[in-house]
Amino acid sequence: MRIAIVAESFLPLMNGVTHSILRVLEHLQERGDEVMVIAPSTQDAQTTEVVSGAVVHRVPSVPLAGYANVRVAMGGVSRVKRILADFAPDVVHLASPFVLGWRAVQAADQLGIPSVAIYQTEVPSYMGRYGIPFMENWAWARVENIHLLASRTLAPSSFALNQLRGRGIRRVGMWRRGVDTERFAPEKYDAGWRASVTPGGQRIIGYVGRLAVEKQVQDLAVLADIPNTQLVIVGDGPQRSVLEAALPDAVFTGFLGGEDLARAVASFDLFVHPGEFETFCQTIQEAMACGVPVVATGRGGPLDLVQNSRTGWLYEPGNLDALRGHVLDLMGDDAKRRAFAVTAQAAVQGRTWTALSAELVGHYEDVIAGRPLVEHVQRNGGLPHPTQHRNTGNTLLHGKRRS
């Protein structure tokens, strides 16, 4: 088939959206599909314009204020409509649509081309974190308009599925994320790397992700004085200098990718993720694949991924005493931590990108053929009820952040 992927962000910026697109492109190339990616322009002259067989069509963009490596596409619906009309795809894949994706879903609708929208970023909730809470209602209206117009929306977790259904979006299915269990595996443990960040041999409490306001990395300050531990922060972003000042004893590695990232994660003793706005949280899966137990907030994607008292702990959003208590629990009990590690690794086996990408192609085929979502659900064993989670050991945790 012919597929147009409209990417709200793409290479050279690496994030969860880009990572998912790259894995899907690899699968589509293996299938022999003809694919085009529409993405914001970049200042990087080295950016490859053919990726996994897909031609990348760049549209004019400007850097996001305060976050220069994030580009926001400019222009109107007509520009995207012309690009789609020239390519004549069978289906349009909207990757985390918000700005460029809003134009693309309108263009696809006007051209009569079916679309599959991938809900991946909780943009409206970011508004409060960035000091513009008055924009949140507008942002939710934009999200609703996109997904109501799309032929089908796919959410990565039961929390996100419920969230969209609660806003009146009914054509919503589940599409999770794969994990490379060959790349991320306990065997990637590297004693040399550990020694480079903990010359004193301390146990490592690790975080991997963007260093941005919405990730709430500053919450990890409550862990800074836990005896015989070293906090290691892997990643980069606009808040790095602020976080380095707030966490002076932490080790900041900067961005790591490929085998370097796998070695780092496999060498952690515990993985922590304090962000409350994760629709999925791929880094949790990668840590679990490495046999590393997890402590994360009990909201969003982690609800499906972390099983309390089996693969890690979830804490009430904003309850930093609970975050510290769970970390103390696992760092102070080697036998429990090892048991959690074994269960964590087992929990993610079989979640391959090949299987997940094939499932996505099934959704493409459905919307092209005009088949309703209920048929896909029936073929694949159903979806969780809107008020339930597959992880029956977890309940939705509510709470307000302490000021």
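Biologist: Quick one to start: is F98 buried or exposed?

Modeller: F98 is buried, with a relative accessible area of 9%. Buried means under 20% relative accessible area, exposed means over 50%, and partly exposed is in between (1.4 Å probe, protein chains only). Bear in mind that this is a predicted model: local features need pLDDT of at least 70, side-chain atom pairs count only at pLDDT 80 or more, and totals for chains, interfaces and linings use all residues. Residues are numbered from 1 along each chain as its sequence is written, and side-chain values use heavy atoms, with hydrogens and water left out.

Biologist: OK. How many aromatic pairs are there?

Modeller: Five. Rings of Phe, Tyr and Trp (its six-membered ring) pair if their centres lie within 6.5 Å; planes under 30 degrees apart count as stacked, over 60 as edge-to-face and the rest as tilted. One of the pairs is F98 with W138: the ring centres are 5.8 Å apart and the planes stand at 90°, so this pair is edge-to-face.

Biologist: Where do F98 and W138 sit in the chain?

Modeller: They're 40 residues apart, so to speak in distant parts of the chain: F98 is in the loop between β7 (91-95) and α3 (100-111), and W138 is in helix α5 (residues 136-149). Helices (H or I, at least four residues) and strands (E, at least two) are DSSP runs, numbered from the N terminus.

Biologist: And W138, how accessible is that one?

Modeller: W138 counts as partly exposed, at 41% relative accessibility.

Biologist: What about W313 and F340, how are their rings arranged?

Modeller: Tilted, because the planes are at 55°, with the centres 6.0 Å apart. W313 lies in strand β16 (residues 312-315) and F340 in helix α13 (residues 334-347), so the pair ties together parts 27 residues apart in sequence. W313 counts as buried at 17% relative accessibility, and F340 is buried with a relative accessible area of 6%.

Biologist: Back to F98. Which residue lies over the face of its ring?

Modeller: R142, at 5.7 Å from the ring centre. The rule is that NZ of Lys or CZ of Arg is within 6 Å of the ring centre and within 35 degrees of the ring normal. R167 lies over the face of W140, at 4.1 Å from the ring centre.

Biologist: Switching to helices. At what angle do α3 and α5 cross?

Modeller: Roughly 30°, and their axes come within 9 Å. Axes are lines fitted to C-alpha atoms, for helices over the stretch in contact, and angles run from 0 to 180 degrees between N-to-C directions. That makes α3 roughly parallel to α5; the classes are under 35 degrees for roughly parallel, over 145 for roughly antiparallel, 65 to 115 for roughly perpendicular, and oblique for the rest.

Biologist: Which residues of α3 and α5 meet?

Modeller: W102, V105, Q106 and D109 in α3 meet R142, N145, I146 and L149 in α5. Contact here means heavy atoms within 4.5 Å.

Biologist: And α1 with α14, what's the angle there?

Modeller: Helix α1 (residues 16-31) packs on helix α14 (residues 353-369) at about 75°, with the axes 10 Å apart. That makes α1 roughly perpendicular to α14. Among the contact residues are H19, R23 and H27 of α1 and W353, S357 and Y364 of α14.

Biologist: Last one: where is A224?

Modeller: A224 is in the loop between β11 (203-208) and β12 (229-234). A224 is partly exposed, with a relative accessible area of 45%.
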